[in-house]
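Let's take a walk through a protein model together. Have a look at the picture first, and then we will start with a single side chain.

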Amino acid sequence: MTKTSMIAGALLAAGFASGVAQAQEFSVHSASPANGQLRQAQFANAFGCTGKNLSPQLSWSGAPQGTKSYVITMFDPDAPTGSGWWHWVLANVPAKVSELSEGAGSAGGKLPAGTLEVRGDTGQAGYFGACPPAGQTHNYVVTVHALKVDTLELPPTATPAMLGFMVLGNSLGKATLTIKGAR
């Protein structure tokens, strides 16, 4: 290897490393949990739980270049159903949005214009709080999907599974956060 090619290779490697170091990781955060645990405010007020049914505050950063919209979900893979439980499903969140306030997805909350609430496993649109069986701790997985399209054309009867299919064909990346919930 010549000295010139070694220098060129070193410069290329340094430039690549610099670009990687400057790239921001796509991530999602929440100020609502306390020590990684959902607060009582995020629990349902049903099925024996006595929470306030407030959707958690969420913020995200580092979305992939070209992001035109987001899909946001909250899923409990530990629910005793055989297929988990969809607690919150949002589509068509505009790309200019990077935060949802606590309670935004709850009754009386304010979601960004254009956001579509998809029915979760209660059969209703909107946030449905955590309510694991007494004595159990469940994992609540919040995912923000960055999409390459402005909107997903969903029928009013869309399910989380249908939305998931459409997300996979339009995804630029995703960020996840797992929050524990116990009672």
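Phe128 is buried, with a relative accessible area of 15%; buried means under 20%, exposed over 50%, and partly exposed in between, using a 1.4 Å probe and protein chains only. Before we go on, note that this is a predicted model, where local features need pLDDT of at least 70 and side-chain atom pairs count only at pLDDT 80 or more, while totals for chains, interfaces and linings use all residues. Residues are numbered from 1 along each chain as its sequence is written, and side-chain values use heavy atoms, with hydrogens and water left out.

Rings of Phe, Tyr and Trp (its six-membered ring) pair if their centres lie within 6.5 Å; planes under 30 degrees apart count as stacked, over 60 as edge-to-face and the rest as tilted. The whole structure holds six aromatic pairs. For Phe47 and Trp85, the ring centres are 6.5 Å apart and the planes stand at 90°, so this pair is edge-to-face. Phe47 sits in the loop between strand E1 (27-29) and E2, and Trp85 in strand E4, so the pair ties together parts that are 38 residues apart in sequence. Helices (H or I, at least four residues) and strands (E, at least two) are DSSP runs, numbered from the N terminus. Trp85 is buried, at 19% relative accessible area, whereas Phe47 is exposed, at 59%. The rings of Phe47 and Phe128 have centres 5.7 Å apart and planes at 75°, so they too form an edge-to-face pair. Phe128 lies in the loop between E6 and E7, so its pair with Phe47 ties together parts 81 residues apart in sequence.

Now for the sheet. Its five strands are open and antiparallel, in the order E6-E4-E3-E7-E8; two strands pair if DSSP finds at least two bridges between them. Strand E6 (116-117) and E8 stand at the edges with a single partner strand each, so one side of each has no neighbour in the sheet. Seven bridges join the antiparallel E3 and E4, and Trp85 in E4 stands opposite Asp76.

Finally, the core. A nonpolar core is a set of buried Ala, Val, Leu, Ile, Met, Phe, Trp, Tyr and Cys residues joined through side-chain atoms within 4.5 Å. The largest one has 30 residues, of which Trp60, Ile72 and Leu100 touch the most other members. A second, separate core of ten residues includes Ala91 and Leu163.
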